[in-house]
Amino acid sequence: MRIDLHTHSNVSDGTEDPDVLIASAAAAGLDAVALTDHDSTAGWERAAAAATAHSITFVPGMEVSCRTDTGISVHVLSYLHDPEHAGLREEIGKSRTARLTRARRMVELMSEDFPITWDLVEEHVTEGATVGRPHIADALIALGVVATRSEAFERVLTARSPYWVSHYAPHPAEAVALIRDAGGVPVFAHPSAFNRGAVVGGAVIDEMIDAGLLGLEIDHRDNPEDARVELRRIARDNGLLVTGSSDYHGSGKPNLLGENVTSGQVLEAIVSLATGTPIS
C-alpha cells in the first residue's frame, strides 16, 4: 500500500479543495491519504465523500500548531480524534483566533513598506479556512513583491523580519495530552526540520512522550538524512510509530503526493490505537 499521512487543502494553507486533493491523491496512485489541515477539521466531510467516489481510504487528521516555552514552533499531527472533543476544540479555537490577530498585525506592519491590505489577503483565504502566513504570501505574490510562497517566507515572512509577530499556541506536550484525551493518535511532525528554524531537543520530546506521544514523522523531506538516524533511535527506544509523508500543499509547495509514505502496518497500528473517529 502507498499511504501519505500529511496533506493540506485550502481549508488551511493548501491550494486545492479537499475533494480535489483526494482526486489528486488517487491520481498519484495512493491507496490511503490523511487530510491534516492546520488547526481545522472543516475539510473532513468533503474529503471523505471524495475518497468514497475515488475508492481511496481517507484518514481524518489535523496538524496542531504548538509553541514551546522558549518560543520554538512545533507541529503535532493528530489522527482519528473526536472533532467535537471540548478541550481540544477550545484550544484549537484559541490558536485560530491568535493566528488571525497575528496575521492582521503583520499585514499592518508590512503595509508601511508594501501596498498590501487586509482586504487583499482575505481574497486568498477560502471561507472558513485557518488564516496564516501563506495567505499573506499569496497577497504579496499578487502584488508582484515576490514570485513564490518560498520567496515570501525567505524575504518577508521569516521570524527574522521586522514584520514578524508571535502568536499563542499550546505547548506540544499539552497538545499531545489533549489529542489522546480526544481519542486521537499524536505524531510529532517533521521534528528535525532545521530549515524552518530552531527545533526542539530531547527534553521537549521526552515531555511529549510522557504526555502520550505515539509517533514520529521521520521520512519527510525537511528532516535531514543524518537526523533521521537519531529519530529512528528515539522511536525504537520509546516504542514510537514511524511515519513518512509528503506534507503536500498543492501548488503552494514543491512537495509531491507520495514522495514519502507510511507502511500499511503503521496505519493499522494508528487505527487500532484511535478511539475518536473511525477510518473511512
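**Sheet, ring contacts and pockets**

A search of the whole structure finds one aromatic pair, a pair being two rings of Phe, Tyr or Trp (its six-membered ring) with centres within 6.5 Å. The structure is a predicted model, in which local features need pLDDT of at least 70 and side-chain atom pairs pLDDT of 80 or more, while totals for chains, interfaces and linings use all residues. Residues are numbered from 1 along each chain as its sequence is written, and side-chain values use heavy atoms, with hydrogens and water left out. A charge is also found over a ring: Arg102 lies over the face of Trp164, 4.7 Å from the ring centre. This term requires NZ of Lys or CZ of Arg within 6 Å of the ring centre and within 35 degrees of the ring normal.

Seven strands form an open, mixed sheet in the order E1-E2-E3-E4-E5-E6-E7. Strands (E, at least two residues) and helices (H or I, at least four) are DSSP runs numbered from the N terminus, and two strands pair if DSSP finds at least two bridges between them. Strand E1 (3-4) and strand E7 (241-244) are at the edges with a single partner strand each, so one side of each has no neighbour in the sheet. E1 pairs with E2 in the parallel sense over two bridges, and Asp4 stands opposite Val33 in E2. Strand E2 (residues 32-35) is also parallel to E3, with four bridges; in E3, Phe58 is the bridge partner of Val33. In a regular strand the side chains alternate between the two faces of the sheet. In E2, Ala32 and Ala34 point one way and Val33 and Leu35 the other, and all are buried (under 20% relative accessible area, with a 1.4 Å probe and protein chains only).

The largest pocket holds about 1,400 Å³ of space. A pocket is an open set of points on a 1 Å grid where a 1.4 Å probe fits, with protein on both sides within 12 Å along at least five of seven lines; lining residues have an atom within 4 Å of a point. A volume is the space filled by probe spheres set on the points. Of the 46 lining residues, Arg133, Phe153, Asn195, Arg196 and Gly197 are the closest to the centre of the largest pocket. Elements giving two or more residues to this lining include strand E3 (57-67) and helix H3 (86-110).

The second largest pocket has a volume of about 220 Å³. Its lining has 13 residues, with Asp39, Ser40, Thr41, Arg89 and Ile92 nearest the centre. H3 gives the most to this lining, four residues.

Conventions
Phe/Tyr/Trp six-rings, centres within 6.5 Å; stacked < 30°, edge-to-face > 60°. Buried < 20%, exposed > 50% of the residue type's maximum accessible area, 1.4 Å probe, protein only.
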